[in-house]
Amino acid sequence: MEFAYYNPKSIPDLIDTLSGLQSYALLAGGTDLLVKMKEKLLRPMPQAVVDINEISGLKEITEKEDYLCIGSLVSHSAITDSPLIADKAVILAEAAGQVGSPQIRNMGTIGGNICNASPAADTVPALLALAATVEVYGPDGRQEMPLAELFQGPGRTCLLAGQFISQIKVQQIQLNEGAAFLKFGKRKALAISVINCAAWLRIGDGLIEEARIALGSVAPTPVRLYDVEKWLLGKPANDEVFAQAGLMAAQILKPIDDVRSTASYRTRLARVIVFRSLVTALERSQGRCSCE
């Protein structure tokens, strides 16, 4: 296998590099790309590999007003170990800690997990529950877009030639808010999700003021349950309401059969995992649940 190798040192340099290439692949952590190249799973095979690991600023986690800004090259281990994320966006730390093995978490990046566009990606439901947006650079400049609009299907995003994600912005979890991330796999480590779920709640006077629920591995892309979220508004925050939300989720979702699970089993799991995520999010909003 032959390919050209580029190693830009800045975002402008990367934009210039990509503008002159017809077929390329971006190298971040390489945990997916290198395996796919070795096994010749990419069609077509890239004529160039662009290593972005030395671009300054893409490995930083910073706090701005009510948001956290996470560079696209921040590793899963760095997210898991970040005191700032543990304090302000704990479900992202929990999700990143469920990705692969320690070796994969040390190398794999949050930007790569997003751009790989796997329906079963662990960090994406957590990001969606935190109302994440992505900063995208390309030939036409910079733009910001909701993460939920990025995905088009398994392995496909709306990013055009020459575009790349520079950072991800997530809302911080505030007082009277709580969130939870749960994953079900066939084993405790190195497991691709059979289903995963993230939920976020804002509670006022015992009522649900706002809700966000996102699931992975149940559709061609990670999904937000907008209809369930809307139904929850103004409802009492209790187990009965959460059980009904789980039932609604199971009725809405149309998962498929694959090597990890049957559609019917995923449907039953959806009911349970949505309920449990909402219960845990409520407990955390009240300070009654420790973050493990």
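R284 counts as buried in this predicted model, with 15% relative accessibility (buried means under 20% relative accessible area, exposed over 50%, and partly exposed in between, using a 1.4 Å probe and protein chains only). The side chain of R284 meets that of E94 in a salt bridge, at 2.7 Å from N to O (a salt bridge is a side-chain nitrogen of Lys or Arg within 4 Å of a carboxyl oxygen of Asp or Glu). E94, at 14% relative accessibility, counts as buried too. Side chains of opposite charge can pair when their charged atoms come close.

Residues are numbered from 1 along each chain as its sequence is written, and side-chain values use heavy atoms, with hydrogens and water left out. Since the model is predicted, local features need pLDDT of at least 70 and side-chain atom pairs count only at pLDDT 80 or more, while totals for chains, interfaces and linings use all residues.

The protein is divided into domain 1 (4-51), domain 2 (61-171) and domain 3 (177-285), with bounds that come from an automatic or database domain assignment. The contact between domain 2 and domain 3 takes 26 residues from domain 2 and 25 residues from domain 3, where contact means heavy atoms within 4.5 Å. Taken over C-alpha atoms, the centres of domain 2 and domain 3 are separated by 20 Å.

The size of an interface is often given as the accessible area lost when the parts come together. Between domain 2 and domain 3 the buried area is about 1,800 Å², and carbon and sulfur atoms give 64% of that area (buried area is the accessible area, with a 1.4 Å probe, that two parts lose on being put together, summed over both). On the domain 2 side, P119, P125 and A129 supply 26% of the area buried against domain 3, more than any other three residues.

Polar and charged pairs also cross this interface. The rule finds two salt bridges between domain 2 and domain 3, and nine residue pairs are in polar contact there, both residues being at pLDDT 80 or more. A polar contact is a pair of N or O atoms within 3.5 Å; within protein, one must be able to donate a hydrogen and the other to accept it, and residues adjacent in sequence count only if both atoms are side-chain atoms. On the side of domain 2 that touches domain 3, α5 (90-96), α8 (123-129) and β8 (151-153) each supply at least two residues. Helices (H or I, at least four residues) and strands (E, at least two) are DSSP runs, numbered from the N terminus. The largest share of this side, five residues, comes from α8. By class, the side of domain 2 that touches domain 3 has 17 nonpolar, seven polar and two charged residues; here Ala, Val, Leu, Ile, Met, Phe, Trp, Tyr, Cys and Pro count as nonpolar, Asp, Glu, Lys and Arg as charged, and the others, Gly among them, as polar.

Not counting residues up to four places away in sequence, E177 touches Q172, W200, L201, R202, R284 and S285. E177 counts as buried at 8% relative accessibility, and a polar contact of 3.0 Å joins its side chain to that of R202. R202 in turn forms a salt bridge with E210, again between side chains, at 2.7 Å from N to O. R202 is partly exposed at 26% relative accessible area, and E210 is partly exposed at 27%.

By this rule the count of salt bridges comes to 13. Among them, E135, R142, E144 and K169 are linked in a network. The side chains of D87 and K88 meet at 3.8 Å, N to O; D87 is exposed, with a relative accessible area of 54%, whereas K88 is partly exposed at 23%.

The backbone deserves a look as well. Most residues other than glycine have a negative phi, and most peptide bonds are trans. The peptide bond from R43 to P44, however, is cis, with omega near 0°, and P44 is found in the loop between α2 (33-38) and β3 (48-51). A117 has a positive phi of about 55° although it is not a glycine; A117 lies in the loop between α7 (110-115) and α8 and is buried, with a relative accessible area of 2%. A131 likewise has a positive phi of about 55°. A131 is found in the loop between α8 and β6 (133-138) and counts as partly exposed at 22% relative accessibility.
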